[in-house]
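User: Got a model open here and want a quick walk through it. Can we start with the nonpolar packing and then move to the annotated site?
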Amino acid sequence: MTRDYSQFFSTSTSSQSGTENPSKLARLGWQTFFARQVEPQALNQTPPVRVSEVHRNGLRVVGEDIEGLIPARPDATVGDWFLYDADLPAHSVLLERKSLFKRRAPGHDRRFQLIAANVDTAFIVTSCNADFNIARLERYVALAFDADVTPVIVLTKTDLCDDPDTYVQEAMSVSGRVVVVALNALSREPLEKLVDWCRPGQTVAFMGSSGVGKSTLVNALFEEGRVATAGIREDDAKGRHTTTARQLHFTPDGVAVLDTPGMRELQMADAEDGIADLFADVTDLATQCKFRDCAHDSEPGCAVTAAIAAGELDQARLERWRKLMAEDRFNSASLAERRSKDKNFGKMVRSVMKDKKNRR
Ligand SMILES: Nc1nc2c(ncn2[C@@H]2O[C@H](COP(=O)(O)OP(=O)(O)OP(=O)(O)O)[C@@H](O)[C@H]2O)c(=O)[nH]1
Ligand SMILES: [Zn+2]
């Protein structure tokens, strides 16, 4: 292989700027972040490939002129980049990731499962109706922050709502760092309003409950509509999974769209950093409390309760922070740790779980 990869070493412009005619590799999502990790000579010997599908027997990878298979390995997932060794695929070298969604396995050992790597943007989708739930939005935003993925809140079904602006205002209260977009997913608006995050070479994911319009938005990104929407489903009020495989779909424009059922079951686990990012106002206040282990209840010198009393912090937001932290702690603990937790903590967790169920 004697391909010249030097063009991918430009550090002045990233592929995000959307050049007129991006190369195949750029359209697969190859960015300066990955190019910086590699010597040009190595690229010629072992060209970059991206994991487009995860199967039991291996990772399907695609590159400039390559379609290959790397033997299954637990340390890689869809969206990962490898330097591909065509002679010994198992010796391909995994590149450092920009971002990673992971979760704890449901089984006994609670291992980490890698869900998706190198996603640039997570569209957190909800609709301007009863699905809208501020606590759920916060969970997804915290998960995205924790994964180093940019969250964008997308409010769908504006056409069915008298006052979308109320929803927009509330969604904006989630975080000053998160853009909120409101649209009718069945119109041309998705293409117009999501364009900033859907340029060639970008990788996007859609998160949100069933029926909020994720497939509809994905369809909008594909000219021919390759991903099926569920349509009307009277037989199954809760909706069903129209997506089954763990893979990346590439739009004709070169946007990689993540398609994995795992995104649906993402739980708060070891996501303390993401929660801290989202609730920076609360955690900042907490550092000013008189006692380091302040529970922000009735302790003297508590900066958090003082802020609530002064009307600077919303009590409801504080409660949602507590619940998210409790959920994260619970899900992060091993089974043994869970058993040894004291009764009160168990009670708290049960109430959080009950609450979670009610929100679904
Ligand atoms: N009027 C209107 N209908 C919408 C909008 N977005 C989605 N829908 C409809 O809502 C239904 C559910 O949309 P989907 O795109 O299948 O929702 P989903 O989030 O992919 O659902 P799951 O596949 O179950 O996760 C479909 O009948 C869509 O046509 C919107 O903005 N306006
Ligand atoms: Zn306090």
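Analyst: This is a predicted model. Its largest nonpolar core has 77 residues, and those with the most contacts inside it are F123, I124, V141, A142, V154 and V204.

User: Which helix gives the most to this core?

Analyst: Helix 4, residues 134-147, with eight residues.

User: What is A142 in contact with, leaving aside neighbours within four places in sequence?

Analyst: M268, A271, G274, I275, L278 and L324.

User: OK, switching topic. Which residues does UniProt list for "binding site"?

Analyst: The UniProt entry, which is unreviewed, lists C289, C294, H296 and C302 under that heading.

User: Where is C294 found?

Analyst: C294 sits in the loop between helix 9 (280-286) and helix 10 (303-309). H296 is found in the loop between helix 9 and helix 10 as well.

User: And H296, buried or exposed?

Analyst: H296 is buried, because 21 other C-beta atoms lie within 10 Å and the cut-off for buried is 20 or more.

User: Why does C294 count as partly exposed, then?

Analyst: C294 has 19 C-beta neighbours inside 10 Å, so it counts as partly exposed.

User: What do the two touch, apart from residues up to four places away in sequence?

Analyst: C294 is in contact with A286, C289, E299 and C302. For H296 the contacts are A286, C289, C302, V304 and T305.

Note on methods:
Residues numbered from 1 in each chain as written. Chains lettered and ligands numbered in written order. Predicted model: local features only at pLDDT ≥ 70, side-chain atom pairs only at ≥ 80, totals over all residues. UniProt positions renumbered as here; feature names shortened; annotations may be inferred. Helix = DSSP H or I, 4+ residues; strand = E, 2+ residues; numbered from the N terminus. Buried ≥ 20, exposed ≤ 12 C-beta atoms within 10 Å, placed from the backbone. Contact = placed C-beta atoms within 7 Å. Core = buried A, V, L, I, M, F, W, Y, C linked by C-beta atoms within 7 Å.
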